[in-house]
Amino acid sequence: MSGVTLGVDAGSTTWKGVVLDGAGEILDSVVVASEPLVEQQTRVELAKLREATCAPRETPVGATGYGRKRVGADRAITEITCHARGAFHLTAKAGVLVDMGGQDSKVIRIGADGTVADFSMNDKCAAGTGRFLEVLLGRLKVGWDQVPGLVDSAESSVSVSSTCTVFAESEVISLMAEGEPVPGILKGLHLSLASRVAALAGILPDDIEVFMSGGVALGSAMVNALAKELGRPVTVLAEPQLVGALGAALSVR
Amino acid sequence: MIPRRVQYELIKHVGGPLLMELQGLSKRLRPRRGPRPDSPFGPPLESIGKLKDLMTRHYLEGRYADGAVPVAWVTSGFPVELLRTLGFHSVYPENHAALCGVQRLTPEYSAAAERLGYSRSLCSYARTDIGAVLLDKTPAGRLPRPDLLACCTNICQTVLYWYRCLADHLKVPLVLIDTPFVYGDSAAHHQQYVADQLEELLSTAERISGRRVEPEKLLEVARLSYEGTLLWGECLAESTHRPAPWTGFDGFFHIAPIVTLRGSTECNAYYRHLLDELRYRVKRGIGGIKEERYRLLWDNLPIWFNVREMSTLLAESRFNIVVTTYTNAWAEAGKRMDPTDPINSAARSYTHVILNEDLDRRLDLMSRLARDYQVDGALLHSDRSCKPYSIGQVDLRDKLAERAGIKSLLLEADHNDPRAYSTEQGNTRIQAFMESFV
């Protein structure tokens, strides 16, 4: 088991863990909903991962996410650095990484050597994050798995202009009351969210590749909306939810 | 009943010094607690005790100033030398608001202003100050009632409306010095326009104080102000050494005398003392932080309520803020001062302050500071409360990278209102920025 490391991404919505072998392959992973007591959850989930992979107790642990300082890891580093490391490990390319997580959306520019050249994040507000979609999907009574089909079926998109999750929710209620079809509202929401994230990215050079990580990247509707806003293809990284945890595991190698 | 003037003089010359002596004695008798062994900071500056004494005496004298001497409430960029010549005791609402900010009193004071309809989008210094007046509360004991409000628009336009509100509430006259915004160098007519207003100010201040300006006294105050500005600049310049003998956060606090006591012998005596200590530390390689690996420039006002947390976060990762455009502003003025010609000197130097100059000038200044202080990166505080300081920072960030190869972080916060800052998110950004250097 030489060179095996553990990576934890204790995020605001989900807790992610990976076991990485010395060759850089993921041996095992887990994604579960975050619990309030992050220390306890980490203890339980890491024990399961160690058992499943026969990783010894002293296997180094790298941590990231909002709970990174509370999980007793050997090293705690920010999601920005971890996502960049994870992405570079998977692509070995410079580029722009869009990470859309539960509470933060980040646009990270990765240099040719895999380091963070620059980054920007949404500020002080959850508009532009996975939580924004989660709240509004709840209001529309639509499950995550139904989203791509509904968005594809939309004849047109309905504009949702509010930049605040709470105001957007009341705007959606009004639109529903006016009889707007759900697929159109849903498409409008995706475009609204994508335009906010595209604004974080600023003006991108023509030849730069865009990658995407984070839980929101699991849905093709958001990926398509973002590609439309940025005017270029967006490549979703393999197992996008695990990229941060992968970076954390790489940080203790 | 002791006349007010006698009370004031007694406090100034006997009570204040005696109180400081007693405090000093009690400090000496108490066992000294040094910094924690695991503290990332260097040994604390000895001068901090003298600084506290100086500012405590200033606020103590203030309690007895109204009715004894003329009192003016002035903006930080006001040519206070002219008022000092006439014996005015000056109060700085901005400095006072910062004091409230450090003590996290802004939410309480600001709420009083907000209840009257002042918007949360208004500068948090203004809201803190107006709230303090409305509540008649202050951590400084008591602020003297002003005879004159003196406002200069070289730092922002908000001060004009803020002081108009104070004038209306306190029923006292307001004088305004309007400085035209300058692109490049100011023209002769810009300076004449300001100089004419300063002449007018002198006659208003003479009328309010009941005193006449003595030209010799004006020259003396102008000389002291010039000397103090140079001394402050020398203190800051000690941080061009590696390691810097203090931190930019220390500078935020040690700026108080040059802001509030500019043009006085006490101010200059203090900076001579501080300069000696900084030189001593440089000679012995004593840094503001224990291990200085990376050096940063800070742009804009401090986040007063978060200074301790942020300075610790940086120091623990071996980052030191070695220069700030904010503290440098009071040193920069010296370059345009001519103490032999006080009125024109003030017109020139107070027009060319950082917030009254165009972005190219700011970029030149920041590039020069980055080079002189050999910084590795910059933290640009995008201050919700200070729009003139924050506008253009996105361009400044790009240009700094292009021109000086300096990597910057734009940090959204507020200088006084903790309700407008998310500490957890802010810390994550700073930490990620630091990780990008390693």
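In this predicted model, the side chains of Glu234(B) and Arg279(B) meet in a salt bridge at 2.9 Å, N to O; the term denotes a side-chain nitrogen of Lys or Arg within 4 Å of a carboxyl oxygen of Asp or Glu. The pair links distant parts of the chain, with Glu234(B) in helix α9 of chain B and Arg279(B) in helix α12 of chain B, 45 residues apart. Glu234(B) is partly exposed at a relative accessible area of 33%, and Arg279(B) is partly exposed at 37% (buried means under 20% relative accessible area, exposed over 50%, partly exposed in between, with a 1.4 Å probe and protein chains only). Local features need pLDDT of at least 70 and side-chain atom pairs count only at pLDDT 80 or more, whereas totals for chains, interfaces and linings use all residues. Residues are numbered from 1 along each chain as its sequence is written, chains are lettered from A in the order in which they are written, and side-chain values use heavy atoms, without hydrogens and water.

A second salt bridge joins Glu61(B) to Lys12(B) at 3.6 Å, N to O. Because Glu61(B) lies in helix α2 and Lys12(B) in helix α1 of chain B, the pair ties together parts that are 49 residues apart in sequence. Glu61(B) is buried at 10% relative accessibility, while Lys12(B) is partly exposed at 23%.

Tyr64(B) lies in the loop between α2 (47-63) and β1 (71-74) of chain B. Tyr64(B) and Gln7(B) are 57 residues apart in sequence and 6.8 Å apart in space, C-alpha to C-alpha. Tyr64(B) is partly exposed, at 26% relative accessibility.

The search of the whole structure finds 37 salt bridges over all chains. One of them joins Asp372(B) and Arg371(B) at 3.9 Å, N to O. Asp372(B) is partly exposed at 35%, and Arg371(B) is exposed at 58%. Salt bridges with shared partners also join Glu114(B), Arg120(B), Arg127(B), Asp417(B) and Arg419(B) into one network.

Helix α14 (residues 325-332) of chain B is largely enclosed by the rest of the structure, because six of its eight residues are buried. Among them are Tyr326(B) and Trp330(B).

Conventions:
Helices (H or I, at least four residues) and strands (E, at least two) are DSSP runs, numbered from the N terminus.
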